[in-house]
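Here is a friendly walk through one structure. Please have your viewer ready as you read.

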Amino acid sequence: MKNLKRSLIFMSVLALAATMPACSSKNSESSSGSSSASENNSQSSKAQADGPLTPYSDEITITLGRQTVQNPKIPDGDTYENNAYTRWLKKVLNINIKDEFEASGDDYSTQVSLALSSGEMPDMMKVSSKDDLRELYENDMIADLTDAYNTYASDYIKQIYDSYDGRALGDVTFDGKIMAIPATNVDTVGEVWIRSDWAQKLGMKIDEDKNGCITISELEGIAKEFMQKNPGNAQNVVGMAFAPWLTADEPDGTYSINTIAYALGAFPKTWINENGKVIYGSTTQETKTALKQIASWFKSGLVDQQLGTRTWDDITALLVNGQTGVTFGCWHIPDWLLNNVRSMDSKATFESYAIEDANGKVNCKHNNATAGYFVVNKKYAHPEAAIKIVNLFYDEMANSKTLKQDYPEVAKYQEDGVDGSTRPFNIEINKSTSLLDDYSDIEKGVKGEISPDQARTIESRTVIQNVKNYLANPDGCEVVDWSKYHSRMKGIELIQNLTENNKLNWVTPIFPTTTQTMKTNWANLRTMEEETFIKIATGAEDADTAFDQFVKDWNSMGGEQIISEIEEQLK
Amino acid sequence: MLKTKKDLTRYSQISYHLMMLPGMFFLILFSYVPMVGIIMAFQDFVPSKGLWGSNFVGLKHFIYMVQLPDIVKVIRNTLIISIGKILLGTFMAIAFSILLNEIRLKFFKKTVQTIVYLPHFLSWVVLAAVVMNMFNLDGPINQFIASIGIPKINFLGNNKTFQPLLISTDVWKEFGYNSIVYLAAITTIDPGLHEAAAIDGASWWKRVWHVTLPGMLPIITLMAAMSLTGILSAGFDQVYNLYSPIVYETGDTLDTYVYRIGLVGRQYSFGSAVGLCRSLVGTILLLTSNWLAKELTDRKIF
């Protein structure tokens, strides 16, 4: 599937290349008429000569590395390079977008790696890891954005970053210089998504005390019931499917076993500082327990028998085909993964739960304050354009009360739920409290306690309407109504309830930068970890002996050295 | 008179040399110029500092390579997979070409040829999807296995089956195309020899053994020696598109290992150190096989 996807991307890039000239010429014609209007508009609103949203008098072009996702909602004829957002950008700021490369998932990271190794990077691109960022900085490939940020960032954007108490900007500051635009990352809780229409059909009673939590044995029971009764009438039913990497760095890792591991007190792929002593979560006994749990499910047939070779796309296909009705991911997966299920089956609904540990608490870990970085090529002449784009898409678009009248096309994109990756920067920049703030707006808006216009962001306004549409006609509404309802009224509501009822037990990990030994040994240690874990989970090796051997090897092959280097960093 | 003729010959050869020029140009551009990059193997290469600005570190990366715990496993896998491919692939191609040569019905012969050549022209990116669908737990192969009462096997996720799967699918993809050379070799054998053998009462087997195979021997030697140079590369695109962490133990080869550690992990210098070692081994093997060929069959390749 991965390869199919790759070839599809290749073909679509070819198709893009073919359509590009036509689109761009059309674009410039249509924009010339309205550019004067927007210029007046932005100049009157911003008194400064060169303010946060001042357009360029001469058109400038930015080449981008674009991270794409499956995007069924994009209107016909629109592309990543030419869509409502890029046209808006052209109108308001007189900036043209050209994609140097487009790729999704792992392929994007590969493209970034290749760009880094060839030294030929686009004017701007997203990098996902701190190490990539550090390498770019050390190789002197990216521009210092300190002045651009101080001069051009709008007050609201500055407020957003300040809400993280310097953790977000601090993460991208090297030697006192801001070297990237960080994507912010709010805390989330890993959730289990269960086909509630199936549960209803089978008359199952889940979470009878209504506290939003289920135990691991309840989870097992649900998956077993789904497998035996096969409510989806599918062939080759699978109880639970996981991605080949099993554990993920991010707390909510989609299709990973994180949620189960956390409930067992294990925090794989996490660095924890216990009074100056650093522990790597993957090497703890709790992680072994979690792997044993998966292994026992694998043995009894409850876990996908193709675990390890079933790719990400294959798992999505299992969900879409109704072969499985239990999956793992954070609050927003209805927006971009589970929506595919609803597209195929209009009766499909999901309920989300957290998994509680033996003490009835839900273990979760804080996120890193940043999730990905947008960097500007040092050779690019207009680094401040990056800040202006941020102002436009994360301040103006979120806060403008008149977007719908001024730029109906952009508003329509939001209403239709076209994926946000079509914006030039595929990152999110939100206040640290934004998740629950937005939820409270939406909740009040749906109940009619506030009018939609009182909601803090445009997105919330749209979501209120989506949720209303869904509630009015759950079976017949648009897929976007369905997914916004699920992500907010199921996904975030769960976090809200758990927070309110004090069910969450937060662990604060540390996020060390790459140490000297990590540079040379980490790739091997990571490979060893993933190989061992998948072998234990699939029963290819005995859990106890293989895990203990892994811990021993891990320590001797540089793990111990890395831990002492991280402890050094903390001092 | 004689002299002018000689001059003429020399003159007429110049055009042939000119014809070789573009080829030589590309050979130098794409095979010799990149060799400058070998320097990287002895440096801590940093892209922005470039080839001339990076620090020299001597044999650091080679020592690191030898010390890697996985290197033995990776080399073992590479050797098993590539030797398996060479042996089985050569055998299949020779057998196929001998059998195909027996077919007298032209239409049938052409059809068979087209069908077996076809997979060669498909990329592994595409074929891997086909192989995955054929061999996964719900695929036709496993359905057949289940129907005769044997438990299903996750071919792509099992360390026992992964290497045979790699070897057999690669042989399936390439044997048709590789047989072209052998077919050509068979046609050069004097039919008189076959007739003589037949008149002397040699059976079909005997004729294959004593006439066809000895006639093909120079080509077989050449092809085998040439394939030996690639013994340390087990086919990157095939393995990369089919493997997963679960089969690293038997499926991780030098190419995929270097790719993961070197390019994705961006340890350029280490990657080129491994590449250099591989080329050295390839060169040594080529020279050895050339020498062996001369000793054993009295025919040199170059």
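The report below covers a sheet, a chain contact and a helix pair.

## The sheet in chain A

Keep in mind that this is a predicted model. In chain A, five strands form an open sheet with mixed pairing, in the order E2-E1-E3-E14-E6. The edges belong to strand E2 (95–104) and strand E6 (181–184) of chain A; each has a single partner strand, so one side of each is left without a neighbour in the sheet. From one strand to the next, the twist averages 25°.

Within this chain, strand E3 (residues 124–127) and strand E14 (residues 370–376) of chain A run antiparallel and are joined by four bridges.

## Where chain A meets chain B

The contact between the chains draws 29 residues from chain A and 29 residues from chain B. On the side of chain A that touches chain B, the elements giving two or more residues are helix H1 (2–45), helix H3 (105–118) and helix H21 (516–537) of chain A. H21(A) gives the most to that side, with eight residues. Sorted by class, this side of chain A has 16 polar, eight nonpolar and five charged residues.

## A helix pair in chain B

Over in chain B, the axes of helix H9 (residues 191–199) and helix H10 (residues 204–228) come within 10 Å and cross at roughly 145°. The crossing of H9(B) past H10(B) is right-handed.

H9(B) brings Leu193(B), His194(B), Ala197(B) and Ala198(B) to the contact, while H10(B) brings Arg207(B), His210(B) and Val211(B). By class, the contact of H9(B) with H10(B) has four nonpolar, two polar and one charged residues.

Definitions and conventions
Residues are numbered from 1 along each chain as its sequence is written. Chains are lettered from A and ligands numbered from 1 in the order in which they are written. This is a predicted model: local features need pLDDT of at least 70, side-chain atom pairs count only at pLDDT 80 or more; totals for chains, interfaces and linings use all residues. Two strands pair if DSSP finds at least two bridges between them. Axes are lines fitted to C-alpha atoms, for helices over the stretch in contact, and angles run from 0 to 180 degrees between N-to-C directions. Two residues are in contact if their C-beta atoms, placed from the backbone, lie within 7 Å. Ala, Val, Leu, Ile, Met, Phe, Trp, Tyr, Cys and Pro count as nonpolar, Asp, Glu, Lys and Arg as charged, and the others, Gly among them, as polar. A crossing is left-handed if the near helix is turned anticlockwise from the far one by less than a right angle, and right-handed if clockwise.
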